[in-house]
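Subject: Structure handover

Hello,

Here is the structure I said I would pass on. Please have it open while you read the notes below.

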Amino acid sequence: MLILAFDTATDIATSALVSDGEVLGERASRASTVLEDVDALLRQASAQTREIEALAVGTGPGSFTGVRIGLSTARALAFALGIPVAGVSTLDALAAGAPGALPVVDARRGEVFVLRGEPRVLEPGKLEVASGTICVGSGAVRYRTLLEAAGAVIPPDGDERHVPRARFHAQLARDFGPAEAVEPLYLRVPDADRNRG
Amino acid sequence: MILGLETSCDETAAAVITEDGQILANVISSQADLHARYGGVVPEVASRRHLELVTPVLQEALRDAGAELDDVELVAVTAGPGLIGALLVGVAAAKAIAWARRLPLAAVDHLQGHIASLYLQPEPVPPPFLCLLASGGHTMLLDVQDRATKAQVLGTTLDDAAGEAFDKGARLLGLGYPGGAEIDRLAREGDPAAYDLPVARVPGLDFSFSGLKTALLYAVKELSADELERRRADLAASYQSAIVRALVEKARQAADELGTSRIAVVGGVAANSELRAALPPSTALAPLPLCTDNAAMIASAARFSDPIQYPRYLGLDAYASTA
Ligand SMILES: [Zn+2]
C-alpha cells in the first residue's frame with residue numbers, strides 16, 4: 001500500500017512516502033510548504049497523485065495552527081483523492097523514532113506536551129523523570145537545563161530524534177477511515193474558555 | 001466552474017459559480033451562535049470551528065451545485081486579510097484540492113472579494129464606481145476603476161469598523177451578538193432623534209466611531225435599569241442613525257471628489273435597512289445574501305485575477321493584514 005504521511009504540528013514539518021513499509025522518501029520543511037515536499041516526494045518516486053492509497057497525518061499535540069494546517073490538508077486531500085486517513089499522535093511518532101525515550105514537545109507559554117500513558121500538558125518543572133531517562137523533542141531541547149538538572153539525558157540539539165519523522169507516522173498508522181473521524185489533539189482549551197473558568 | 005473557499009473570520013463558506021458569474025451554490029456556515037457568548041469573535045475558537053466545517057461545507061456546496069470535483073476548473077481562496085489562524089485552514093484545504101487535481105489556484109484578497117460581490121449574476125454592477133465597504137472588520141471608501149485592478153483606498157476608519165461599532169453598541173444596550181441585526185431590529189421601534197449622539201468629525205474621507213460608542217456609554221450610564229428598558233429602542237435608533245449618517249455623508253463626499261454619481265455598498269453593514277434606505281436610489285447595493293462574508297464573492301473575484309498555476313502555489317501562505 002502506498003501511504004503518504006505528514007505532520008505539521010511542530011516547527012519542522014515532516015513528510016514521507018512509504019510503499020508497503022519501504023520508505024521511498026522523507027523530507028522536512030515548514031507547515032506552509034509541506035505540499036511542496038509532498039509534490040517533490042511523488043516526483044522523486046515517479047508516482048502519480050492518484051496512486052496514493054491512504055494518508056497518515058500527525059494530529060499533534062503541537063502548535064494549534066500547525067495541527068490545523070495538517071488536518072485541513074489531510075481532510076481536503078482525502079476528499080479530493082477519495083482515500084482514507086489515519087491519525088497518528090505527534091508524540092507517538094517521536095517515541096517510535098527514539099525507542100525507550102520520553103517525547104517532550106514544546107507547548108509554548110512555559111509548558112510542554114508529554115506522553116505519560118496518554119498525552120498531557122504540564123510545566124517542564126513538574127515533569128518527573130527517572131534518572132537517566134532520555135528525553136527527545138522540541139520541549140526537551142528548549143528546557144534542556146531544567147530537565148538535565150532533574151536527571152534527564154538529552155541528545156545534542158541537532159540529533160534527528162528530536163524531530164518527528166513521517167516514516168514513523170506511516171509505520172504506526174492503523175484504522176484508516178473517514179477523514180472527519182481524525183480529530184486534532186489540542187490538549188488545551190482556548191484562552192477565552194479558560195478565562196471563563 | 002470555480003470553487004471558492006472563505007475562512008477569514010467567523011463564517012466558514014464554500015461556493016460554486018460558473019465562469020460567467022452565475023452562482024450555483026453558496027453555502028455559509030455562520031459561527032455567530034458560537035461566538036455570541038463571548039460577545040465577539042475569538043480567533044482560536046473560530047479557527048477550531050473552521051477546521052470542523054471546512055470539508056463538510058465544501059462538499060455541501062458541490063452537492064448544492066449538482067457538481068463533482070471533476071467539474072471544477074479553478075479553486076479560489078481568501079488568502080487575507082483576516083484572522084491568520086482562520087485563513088490558514090481555508091488556504092491549506094484549497095491548496096490540497098488544487099494540488100490533488102492539478103488545478104490552478106486564485107489567492108483572493110478579502111476586500112477585493114467584497115467588491116466582487118457586485119459582479120455576480122443576475123444583476124452585475126460594472127465599474128467604475130465609488131464603493132463603500134462596511135463590515136465588522138472594515139470601513140473603507142474605495143475607488144473602483146475596473147474589475148481586475150486592486151481598488152484604491154480613499155478613506156478608512158481610524159478606530160472601530162462600522163460593524164464593530166454596532167457590536168459594541170449592542171453590548172452596551174444589553175443586546176445580543178452580532179449587534180448589527182439586533183440594533184437594526186430594535187431601532188425600528190425607536191426615535192432616531194431622541195438622543196444627539198455625535199460622530200467625531202474627521203478630516204478627509206476617514207471615519208471614526210470610537211467617540212460615538214463613548215457617547216452611548218455615557219447616555220446609558222445616566223439611566224436607571226428601568227429607564228434603560230424604556231429608552232432602549234430610542235438609544236438604538238439614535239445610535240444607528242449616527243452611524244448611518246456618517247457612512248452616507250462620507251460616501252457622498254467621496255463620490256463628489258471622484259466626480260462620480262455611482263455609489264456601491266458592500267459588506268455586512270450593507271444589510272442594514274436604514275443604511276439601504278438612506279442612500280440615493282441609484283446606489284448599487286450588494287444582494288443581501290452576499291453582504292456578509294461568503295465564498296461566492298471570493299470565486300467572483302477570482303474571475304478577474306491571475307490564477308497561480310501548479311506548482312507555484314504549493315508554498316502559498318496566508319496574510320493577516322495588507323500593510
Ligand atoms: Zn468581510
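The bend at a residue is the angle between two axes, one fitted to the seven residues ending there and the other to the seven starting there. In helix H2 of chain B (residues 43–64), this bend picks out a kink of about 40° at Leu53(B), shortly before the proline Pro56(B). Just after H2(B), Gly66(B) has a positive phi of about 60°. Bear in mind throughout that the model is predicted.

Next, chain B as a whole. Chain B has 10 helices and 10 strands. Its radius of gyration is 20 Å, close to the 20 Å that the globule rule gives for 323 residues, so chain B is as compact as a globular protein of that length. Along the principal axes, the C-alpha atoms of chain B fill a box of roughly 60 × 45 × 35 Å. Of the 323 residues in chain B, 58% count as buried.

Now the sheet. Five strands of chain B form an open sheet in the order S8-S7-S6-S9-S10, and the pairing is mixed. Strand S8 (152–156) and S10 of chain B are at the edges; each has a single partner strand, so one side of each is left without a neighbour in the sheet.

The pairings I looked at are these:

- S6(B) (residues 129–134) and S7(B) (residues 139–144) are antiparallel, with 6 bridges. Leu130(B) has Asp143(B) as its bridge partner in S7(B).
- S6(B) and S9(B) (residues 263–266) are parallel, with 4 bridges. Here Leu132(B) stands opposite Val265(B).
- S9(B) and S10(B) (residues 284–285) are parallel, with 2 bridges. Val265(B) has Leu285(B) as its bridge partner in S10(B). Between S9(B) and S10(B) the chain passes through helix H9(B) (residues 273–278), and this β-α-β crossover is right-handed.

Are the side chains of S9(B) buried on one face or on both faces? In a regular strand the side chains alternate between the two faces of the sheet. Ile263(B) and Val265(B) are on one side of S9(B), Ala264(B) and Val266(B) are on the other, and all of these are buried, which leaves both faces covered.

Then the aromatic rings. Over all chains there are 4 aromatic pairs. Together with Phe304(B), Tyr119(B) and Phe129(B) form one aromatic cluster.

A further pair, Phe207(B) and Phe209(B), is stacked, at 6.0 Å centre to centre and 15° between the planes. Phe207(B) and Phe209(B) are both buried.

Last, Arg48(B) is placed over two rings of chain A. Arg48(B) lies over the face of Phe64(A), at 4.8 Å from the ring centre. Arg48(B) also lies over the face of Tyr186(A), at 3.8 Å from the ring centre.

Regards

Terms used:
Residues numbered from 1 in each chain as written. Chains lettered and ligands numbered in written order. Predicted model: local features only at pLDDT ≥ 70, side-chain atom pairs only at ≥ 80, totals over all residues. Heavy atoms only, no water. Buried < 20%, exposed > 50% of the residue type's maximum accessible area, 1.4 Å probe, protein only. Pairing = 2+ DSSP bridges. Right-handed = clockwise from strand over helix to strand, strands pointing away. Phe/Tyr/Trp six-rings, centres within 6.5 Å; stacked < 30°, edge-to-face > 60°. Lys NZ or Arg CZ within 6 Å of the ring centre and 35° of its normal. Rg over C-alpha atoms; globule rule 2.2 N^0.38 Å.
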